[in-house]
Amino acid sequence: MAVAFIFNEHREVLFLQKKPTSAFLPGMLVPIGGHMESGEISDPKRACLREIQEETGLGEHELAGLELRYIVHRMKDEREIRIQYIFTGEAAAGSKLVESKEGRLLWVDCSTVSSRHVSASTEEAMRHFLETGIHNHKTYIGTMHGMQGQAVMNWAVLEDWESRVNL
């Protein structure tokens, strides 16, 4: 999946509240984005831009600083590895949103995301971004697992370590 935390000038982040009848995460708040198409596997940013356009009407020219910040891995049902590419960016002031067929678009105060109906991976990525990621431009890898019945995310910086080695 390729999704984005899109922020506005009021320190709010844009979410899609899925319809209660949705087959995937019914009623939950999800970041803008979705499944990558087969031709986008090697270009998650292109997939993210397509999904943003489809779900919000925002074009690339209305977004600033869209960059890959998180790659989250998790196991689903002991048989499926899920990979989510999370981008961050800012919507241009005064941008108009379209109605989404998948649910309702909502601007949510960043400080309240953890108290909303969001997935554990979304909650953890937003928490990490607000505590750490907002202060730099690094890309982080997150691996989610369970510990004592709670979702836990382990974070590491994704970097080209070979370029840092003196040969």
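**Briefing: fold, surface and one buried glutamate**

The protein chain has two helices and eight strands. This is a predicted model. The order along the sequence is β-β-β-α-β-β-β-α-β-β. The radius of gyration is 16 Å, close to the 15 Å that the globule rule gives for 167 residues, so the protein chain is as compact as a globular protein of that length.

**Overall dimensions and packing**
- Along the principal axes, the C-alpha atoms of the protein chain fill a box of roughly 55 × 40 × 35 Å.
- Of the 167 residues in the protein chain, 42% are buried.
- Take the contacts in the protein chain with a separation of 6 or more: 60% of them come from residues 24 or more positions apart.

**Surface and charge**
- The protein chain has an accessible surface of about 9800 Å².
- Carbon and sulfur atoms account for 51% of that surface.
- The protein chain carries 18 positive and 24 negative side chains.
- The centres of these two sets lie 3 Å apart.

**A residue to look at: E51**
- E51 sits in helix α1, which spans residues 44-56.
- E51 has a relative accessible area of 7%. Buried means under 20%, so E51 counts as buried.
- The side chains of E51 and R50 are joined by a polar contact of 3.2 Å.
- Leaving aside residues up to four places away in sequence, E51 touches I32, G33, G34 and H35.

How values were computed:
Residues are numbered from 1 along each chain as its sequence is written. This is a predicted model: local features need pLDDT of at least 70, side-chain atom pairs count only at pLDDT 80 or more; totals for chains, interfaces and linings use all residues. Side-chain values use heavy atoms; hydrogens and water are left out. Helices (H or I, at least four residues) and strands (E, at least two) are DSSP runs, numbered from the N terminus. The radius of gyration is taken over C-alpha atoms; the globule rule is 2.2 Å times the number of residues to the power 0.38. Buried means under 20% relative accessible area, exposed over 50%, partly exposed in between (1.4 Å probe, protein chains only). Contact means heavy atoms within 4.5 Å. Accessible areas come from the Shrake-Rupley method with a 1.4 Å probe; for residues, only the protein chains shown count as cover. Lys and Arg count as positive and Asp and Glu as negative; His and the chain ends are not counted. The place of a charge is taken as NZ of Lys, CZ of Arg, CG of Asp or CD of Glu. A polar contact is a pair of N or O atoms within 3.5 Å; within protein, one must be able to donate a hydrogen and the other to accept it, and residues adjacent in sequence count only if both atoms are side-chain atoms.
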